[in-house]
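Subject: A structure for you to look at

Hi,

Here is the structure I promised to pass on to you. Please open it and keep it on your screen while you read the notes below.

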Amino acid sequence: MKNALEKFLKIDRRLIFLALTVLLFAPIVRPLGLPNKNLGKDVVNTYNYIEALPERSFVMLSLDYDPATRPELHPQAVALVKHALRRNLRVGIFTLNAGATGMIEDIAARIPKDIAPDKVYGRDYVIMPFQPNPVAVMTQLGINLYEIYDKDRNGNPTRDMEVMKGVKSVKDMGLGICITGTAMLDYYVAYVADKYKFPMAGGVTAVSQPGYGPYLQTGQLKGLIGGMKGAADYETLINDLEKGTSGIDALSLAHVLVIVLILTSNIIMLVLKYL
Amino acid sequence: MIFIKKHIPLFICFFVGVLTLGSYYVPNATSENYIEMMNKWENIVAGFAFLLGLMSLFYSHFHKISRKAPGWGYSLFVYVGFLLVVIPAIVSNGQPMKGPDMTSLGWIYRFVFTSLSGTMFAVLAFYIVSTAYRAFRIKSPQAFVLFAAAFMVILGRVPLGQMMWDGVLGWTGYQVTDVIEWLMSVPVVAGRRGIMIGIAIGGIVTALKIIFGIERQYMGKD
Amino acid sequence: MEFLGNTWNAFAAIFTVTPGWMTFGGWVAAGLTICLFSFLYKDNPFFKVAEHLYLGAGMGWLFQVYLFQTWKPKVFLPLMEGQYSVLIPALLGLSLVTQFFPRISWVSRYGFTFIMGYGSGLVIPLTISTDFLKQIGGTIAPFMVSEINSGNIISLLNGTFVAFGFICVLFYFFFSVEHKGAVKKASNIGIYFLMLYFGAAFGNTVMGRFSLLYGRFDDLYKYSAPEYFYATHVVLGLLVAYFILDKLVLSRRGGGQEAH
């Protein structure tokens with residue numbers, strides 16, 4: 001008995017890998033279809049903030065994630081762009097992460113197709129090019145953004161675009177949202193939100209989500225969308241279910257597996273101790 | 001020579017540091033113009049800092065190939081990967097999309113870069129599970145508290161976990177999300193804030209040491 | 001000149017993305033993904049090739065982004081228009097590269113000191129405000145007279161809990177006094193708050209990592225469809241065949257060790 005348990009405790013980890021593969025792949029092939037209830041408070045706050053903005057307010061979306069965190073953050077970005085454009089807000093898409101440009105193109109290609117076909121580039125939204133050195137860019141965003149963003153990603157001058165009318169710096173914008181898998185949101189809080197008293201919200205990976213509790217409590221962040229659960233919550237709020245919702249559904253079995261594994265190994269340890 | 005090699009760079013650090021610091025507390029047109037110029041300059045300097053990483057990678061793999069070190073053949077693929085992106089980028093003029101059509105750069109991004117980069121990080125999921133089984137031992141009250149918090153979060157984030165909670169503890173009137181919300185907005189804030197202030201103090205002290213030239217390891221050896 | 005132009009156009013035409021290329025893309029993506037995952041079974045040449053491709057392609061992507069979105073519009077084009085002031089930051093930036101040439105590596109100090117001076121000057125006031133004063137303010141905010149007068153007991157209790165935990169955590173990190181007596185008790189309680197934070201972070205990390213894996217599996221599922229000619233199935237089958245062959249050859253040679 002003791003030997004068997006000890007053996008079980010030292011099971012080939014490739015079997016655990018296989019279990020995870022099966023439990024995560026199966027719901028992709030055949031979704032469980034469980035409802036995503038219990039929406040996160042900080043996600044709802046972000047949604048409500050956007051809902052309360054006057055029409056044609058300018059929303060800055062800083063999409064600072066790369067393919068490594070795409071499954072978590074891309075659904076958040078898509079949901080936010082949908083919400084903002086459908087609410088008739090002006091949207092400026094910025095990026096301070098060189099790896100993000102390809103995914104921004106993906107959003108750019110989707111806007112005229114299925115996100116908001118009636119919206120016009122240059123009038124309702126604009127996409128800025130990547131810029132290095134986030135801190136320098138952020139500081140400049142609060143003074144005069146045209147010193148750095150004088151051209152859009154296609155090289156067209158931004159100053160005269162209708163979408164930029166009356167917008168010189170973040171002080172003229174309604175809200176800023178940074179979606180990132182790095183510390184970019186921390187920088188935004190310090191260099192933009194706090195410094196220029198600019199309302200900011202964030203979209204972050206689940207890994208870094210707990211770290212933003214202090215900023216939410218002080219109001220330095222108006223809202224936060226965390227990981228795939230956050231994306232699913234936002235999709236539920238705008239009533240347009242996509243990858244976030246199907247994703248969180250698929251994670252269900254794998255999450256239960258982790259709990260079962262931790263409990264199993266600890267129970268075995270206890271049994272071995274008193275056997 | 002030491003003046004040019006050491007003193008002037010240290011003076012640049014001090015001068016730029018003090019002026020940048022001062023510009024925050026002295027908000028007038030001159031300081032704003034100064035910081036605007038610095039922002040523009042920094043933006044360009046940082047654009048070149050990337051070359052350091054590029055050259056370092058190329059150099060180390062070139063070294064491996066030239067010495068025919070074990071596995072040197074794989075190093076060739078670093079250059080293949082680089083050219084695989086850069087040639088289409090030049091052909092497509094840096095544009096992943098041309099109107100509604102995908103360019104070769106966009107193709108590389110979607111099928112090569114996204115797959116490689118995404119999978120590299122996704123592999124960690126497997127190790128987290130096997131570590132959870134092999135190393136997560138609840139041997140002390142502290143470890144139990146850690147487990148309890150992790151348990152609530154792992155369970156409560158997914159629909160199946162929420163249903164399980166509702167089935168067993170639904171009668172309490174509390175949903176699992178309420179517990180997670182409380183965890184995230186009260187004890188987690190306390191723990192995180194303590195760490196945050198520690199890092200802040202460390203950061204401020206280091207920054208001051210850099211400005212005053214006490215910390216100069218980043219400059220390399222004399 | 002015309003010949004060069006024509007040659008370039010012919011070369012560029014090869015890079016036109018046709019529907020066939022999109023299908024082939026599915027094969028490439030499925031192949032690279034499975035090659036990287038194959039490490040989970042054991043180390044193998046396919047994994048190593050994909051890993052090195054990743055390094056090169058990652059750098060290549062950054063290179064082209066910097067080339068087309070920074071160097072060209074911020075340095076080259078302004079210089080063409082006669083704005084020579086961009087030469088100063090460009091030279092400071094280029095000075096960094098001298099790091100690789102020991103005899104003149106000191107030149108890179110000009111670039112580094114500029115970056116460090118600017119960064120340090122910027123970080124001090126903002127850290128003081130964002131991560132220090134605002135956090136202390138946030139801790140005492142629930143005890144303001146206006147808050148207490150509003151009579152929200154729950155908020156007051158939670159605020160007390162945050163303040164208490166925060167102080168205990170600070171004691172844990174405070175090494176200037178010996179941890180004994182009341183200080184030790186406070187710091188021990190601090191550990192529990194940290195554990196709650198780490199536990200929540202671990203729980204969220206599980207979700208985060210699984211989400212990334214879900215993303216890759218979702219793509220693999222997509223590429224297993226008939227319109228991609230079952231790319232995932234075929235690549236996976238080939239790799240399994242390789243491992244079986246590899247094992248057979250190894251066992252015939254009577255040697256070989258598994259990676260795990």
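Is Asn133(A) buried or exposed? In this predicted model, Asn133(A) has 25 other C-beta atoms within 10 Å, and because the cut-off for a buried residue is 20 or more, Asn133(A) counts as buried. You will find Asn133(A) in the loop between β3 and α6 of chain A. Its backbone is worth a look too: phi of Asn133(A) is near 55°, a positive value in a residue that is not glycine.

Lys68(B) sits in the loop between α2 (29-66) and α3 (72-91) of chain B. Phi of Lys68(B) is also positive, near 50°, and Lys68(B) is a residue other than glycine. Lys68(B), however, counts as exposed, because it has 9 C-beta neighbours inside 10 Å and the cut-off for exposed is 12 or fewer.

Back in chain A, have a look at the sheet. This open sheet has six strands in the order β3-β2-β1-β4-β5-β6, with parallel pairing. Which strands are at the edges? They are β3 and β6 (224-226) of chain A, each of which pairs on one side only. On average, neighbouring strands of the sheet are turned by 15° against each other, direction ignored.

To follow one pair of strands closely, pick β4 (residues 175-180) and β5 (residues 200-204) of chain A, which run parallel and are joined by five bridges. Helix α9(A) lies across β5 and β6 of chain A, and α9(A) runs at about 120° to β6(A).

Next, the places where chains touch. Between chain A and chain C, 43 residues of chain A are in contact with 37 residues of chain C. Several elements give two or more residues to chain A's side, including α4 (70-86), β3 (125-130), α6 (134-141) and α10 (243-274) of chain A. Which element gives the most? That is α2(A), with seven residues. Sorted by class, chain A's side of this contact has 23 nonpolar, twelve polar and eight charged residues.

Chain B touches chain C as well: 104 residues of chain B are in contact with 102 residues of chain C. On chain B's side, the largest share comes from helix α9 (residues 187-211) of chain B, which supplies 18 residues. The classes on that side are 77 nonpolar, 20 polar and seven charged residues.

How many helices and strands does chain C have? The count is nine helices and zero strands. Its radius of gyration is 30 Å, whereas a compact globule of 260 residues would have one near 18 Å. Along its principal axes, the C-alpha trace of chain C spans about 80 × 65 × 45 Å. Of the 260 residues in chain C, 42% are buried. Among contacts in chain C with a separation of 6 or more, 35% are between residues 24 or more positions apart.

One last thing, on chain B. Its domain assignment gives domain 1 (1-56) and domain 2 (126-185), and the C-alpha centres of these two domains of chain B lie 47 Å apart.

Enjoy exploring, and write back with any questions!

Best wishes

How values were computed
Residues numbered from 1 in each chain as written. Chains lettered and ligands numbered in written order. Predicted model: local features only at pLDDT ≥ 70, side-chain atom pairs only at ≥ 80, totals over all residues. Contact = placed C-beta atoms within 7 Å. Helix = DSSP H or I, 4+ residues; strand = E, 2+ residues; numbered from the N terminus. Nonpolar A, V, L, I, M, F, W, Y, C, P; charged D, E, K, R; others polar. Pairing = 2+ DSSP bridges. Axes fitted to C-alpha atoms, helices over the stretch in contact; angles between N-to-C directions. Rg over C-alpha atoms; globule rule 2.2 N^0.38 Å. Domains from an automatic or database assignment.
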